[in-house]
Amino acid sequence: MFEFMQQSLDSAAQRAPAWLQDWLRDGRDRWEASTMPTRKTENWKYTSVQALREHFAPAAAGARLLRESDIDLPQLVGSRQVFINGHHSARLSDSELPDGVSLVRFGEASTAQAAHIRQYLGSAAGEAGTLFTALNDASLAEGVFVEIAAGHRVAQPLHLVWLTTNQGEAFSVNQRLLVLCGSDSSCAVVEQFAGVRDANKAFTNGVSELLLARGATLEHYRLHQEEGSDLHVGGVYARLAEQSTFNSFHLGLGSELKRIDVVVEHCGQGAHSEVNGVYLPRGSEHIDYHTCIEHRVPDCTSSETFRGIIADEARAVFNGRIHIHRDAQKTRAELSNKNLLTSTRAEVNTKPELEIYADDVQCAHGATVAQLNENALHYLRTRGVSRTEAQSMLSFGFINEVIDTVRNAALRDYLRAMLARRFARDPALTRPTA
Amino acid sequence: MSQAHIDSAIKKEYSAGFISAIESDTLPPGLDENVIRFISARKNEPQWLLDWRLEAYRGWLEMSEPTWAHVHYPPIDLQAISYYSSPKSIEDGPKSLEEVDPELLATYEKLGIPLHEQEMLAGVAVDAVFDSVSVATTFRAKLAEAGVIFCPISEAVREYPELVRKHLGTVVPRKDNYYAALNSAVFSDGSFVYIPRGVRCPMELSTYFRINEAKTGQFERTLIVADEGSHVSYLEGCTAPMRDENQLHAAVVELVALDGAQIKYSTVQNWYPGDAEGKGGIYNFVTKRGMAHRDAKISWTQVETGSAITWKYPSCILRGDNSVGEFYSVALTNNYQQADTGTKMIHLGKNTRSTIISKGISAGHSSNAYRGLVRMNPKADGARNYTQCDSLLIGDRCAAHTFPYIESRNPSAVIEHEATTSKVSDDQLYLCQQRGLDAEKAVSMIVNGFCKEVFKELPMEFAVEAGKLLEVSLEGSVG
């Protein structure tokens, strides 16, 4: 059933440090006990995992980028850590870390650090995770643990980059990040995934766990820039203690298969979360965002905005769930999902869900699917703007409203420039009909 | 058809087992092919319909009960249900109200349906179903004059076999889903309506369904065919006496709106919802669907206040270009009621339009879910959908859910979906109470306002009833 990962799992078990061995075995048991989702599985109704049914070799160490110019990274003032095919690249990474930030790679953890990591590992992704979280546990040979010391306000972002490049055969990468934000700390973490153009098929299974202690603030970015045959199935799992604030931004360029689960658990009173995202599949790409905002306790607020432009024969799936538990009174939660289809063969399936078990709440969600507004196009044309340019402007504007919510100015500029180039390069994203 | 003839026909096929049942006019509990043959023979149905039923039954045997709905209930023992019962005193078929068993009429009176007065009430014809067999039909003459056929479906099978055969199962196929397949196999009776080409039905058609005898599931089958350019408004309303055991109700309603036709189907459903502890009540698992051809319009309006469990998705297949589908719904749950209801709008034709307005109210320990699907197929150029689902919560032990599925494969189609959930505003309550209304009255008034958009779609007499129903259903939920 799961032969396609067998070799990778065996290889991970060999490489993993001793203190993780039982963790891997437990993950493997859960993975092998699960069944592959089909179209009949509610959570996978619109996403086929057929693309995973082939052999993926374990990612080999020592892969290098042929040309560094292949990868366009934002120049952020802060510390950058780069991983190539899942292995840390000392050459491309900064050795310094901002004050108040500690970073430990699982393979290098001391006994004390290992015990510290085990205390928190799985506390966000454990219950909420999918079978692919079990796969991630089963393949956990390397991971990154980041801790922001209590009370530290870290101004410079921590930039984590996972790159995939050629290996000569299809291969798999297991990525795991565990962030612990100490009480009243604040920081920004940028997770970026990108692949080298025309590389072999790579399957990345990424799981990030973000734990916010009392009063902590985390600015989180997850940029999925893998394209073509780079597959990614993974998720972000955040747990919010009281009075903490979580800002999360997601960018998803399409690829053959991309499925990201975002789960935000409000576990302490007064927690606030904001999750925004943009997805832009084209060609025959497929992208699927499943978000779930859990309100477990009273007095929390959440807001979520996702927008997508779906071009060519691409398919996008968005499932946004808001779950308000019993007695989570005084909750305010809202969600908006807007989609533009720019081709007659493009497809979007969206499902904003509300599941509410408390009465004193204010919840709303909205979803739209349409093409560019003819009146807006007409207006621009009466002002002398060509139709193509007007389409480009309006499409970019549609996405830009979400980009505006990005707090880090350098990152915002990077994203704007990158998307502007993409819009200019890729007229399919702006054409109302192909 | 004489009693003797029926009896002999049945005896021939069932040499053992059913003789005592025939005498009591109720089949013993259980379901197998013989039961279906019995029902069919009892109704003197043609062979094709028996075959149709058996085919549905065989399909049903291979299906499993759906579990995706957000409702919880103990397993239903379908073998513990009796699949046929008929009120005894009407076997000879009353020609008018005077011939109807006075005991039946008394039951109607108790339920508050003034059958006598309804003949006088302008424009309402009643085809009352009491435990599976139609007992009284009025205004037949006036409808016949317009060429409208409105009769029990069992009669239509005999009188208009071609019409029934042509349309039965075309909108809800025999094996559409578990309960629809069950219904297709064992349907007892229901209504058949045919509006000829270009005719505007001269009055609102109305059917009251009753469930009376204990442990008798009802499996109505309704088929409404509106021929080209015709127009009909159909009202369905139901009540059931207090009862402690759960009763299964699995109806199928099929609407066929041919080119340019309009069908408006309104329902007020207030079956026994179970008591305050959640004991008893009706299980209502209904399949309702309409097929709209070119320029046709199908409008569903429902006010659901009853039943322990509601599982119901009146849907529209907008097959013809420019066809229109509408769904207006108020679903109220109180105590331990559970509702999972909504609609499907399947846009196939060009410039098809659909509107969904759903108002859910949950009180007590109840759970109320809206589940809907809007699908734009690749050929639905210029299609349009607008959906609004609002939920109102009364009390901190109830639940409200929204599960809208939105699928678009056409860039020129426009879909808008909005949903909100909140409780009755303290400010509004305060204002009403300050003006001298007690809390219960105030809530009832606010809830009525919340549902106004749907109520205004109901025919007038239903709108009045619906308002009262909400008030009754909400009793005890405030304070």
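Two strands count as paired if DSSP finds at least two bridges between them. Strands (E, at least two residues) and helices (H or I, at least four) are DSSP runs, numbered from the N terminus. Keep in mind that this is a predicted model, where local features need pLDDT of at least 70, side-chain atom pairs count only at pLDDT 80 or more, and totals for chains, interfaces and linings use all residues. Residues are numbered from 1 along each chain as its sequence is written, while chains are lettered from A and ligands numbered from 1 in the order in which they are written.

Now to strand β15 (residues 286-295) of chain A. Here are its pairings, plus one that crosses between chains:

| Strands | Bridges | Sense |
|---|---|---|
| β13(A) (258-266) and β15(A) | nine bridges | parallel |
| β15(A) and β17(A) (315-324) | 10 bridges | parallel |
| β19(A) (347-356) and β21(B) | six bridges | antiparallel |

A:Ile287 is a handy landmark in β15(A), as the bridge partner of A:Lys258. A:Ile287 also stands opposite A:Ala316 in β17(A). Nine of the 10 residues of β15(A) are buried, so the strand is largely enclosed by the rest of the structure.

Helix α5 (residues 131-138) of chain A is tucked in too: eight of its eight residues are buried, so it is largely enclosed by the rest of the structure. Among them are A:Leu131, A:Phe132 and A:Asp137. They pack against helices α1, α2 and α4 and strands β7, β9 and β11 of chain A.

How many helices and strands does chain A have? It comes to eight helices and 20 strands. Buried residues make up 52% of its 434 residues, and its C-alpha trace spans about 70 × 55 × 45 Å along the principal axes.

Finally, the chain meeting point. Residues are in contact if their C-beta atoms, placed from the backbone, lie within 7 Å. By that rule, 30 residues of chain B are in contact with 32 residues of chain A. On the chain B side, the elements giving two or more residues are β20 (384-394), β21 (399-408) and β22 (414-423). Within β21(B), B:His401 is the bridge partner of A:Glu355.

Terms used. A residue is buried if 20 or more other C-beta atoms lie within 10 Å of its own, exposed if 12 or fewer, and partly exposed in between; C-beta atoms are placed from the backbone. Two residues are in contact if their C-beta atoms, placed from the backbone, lie within 7 Å.
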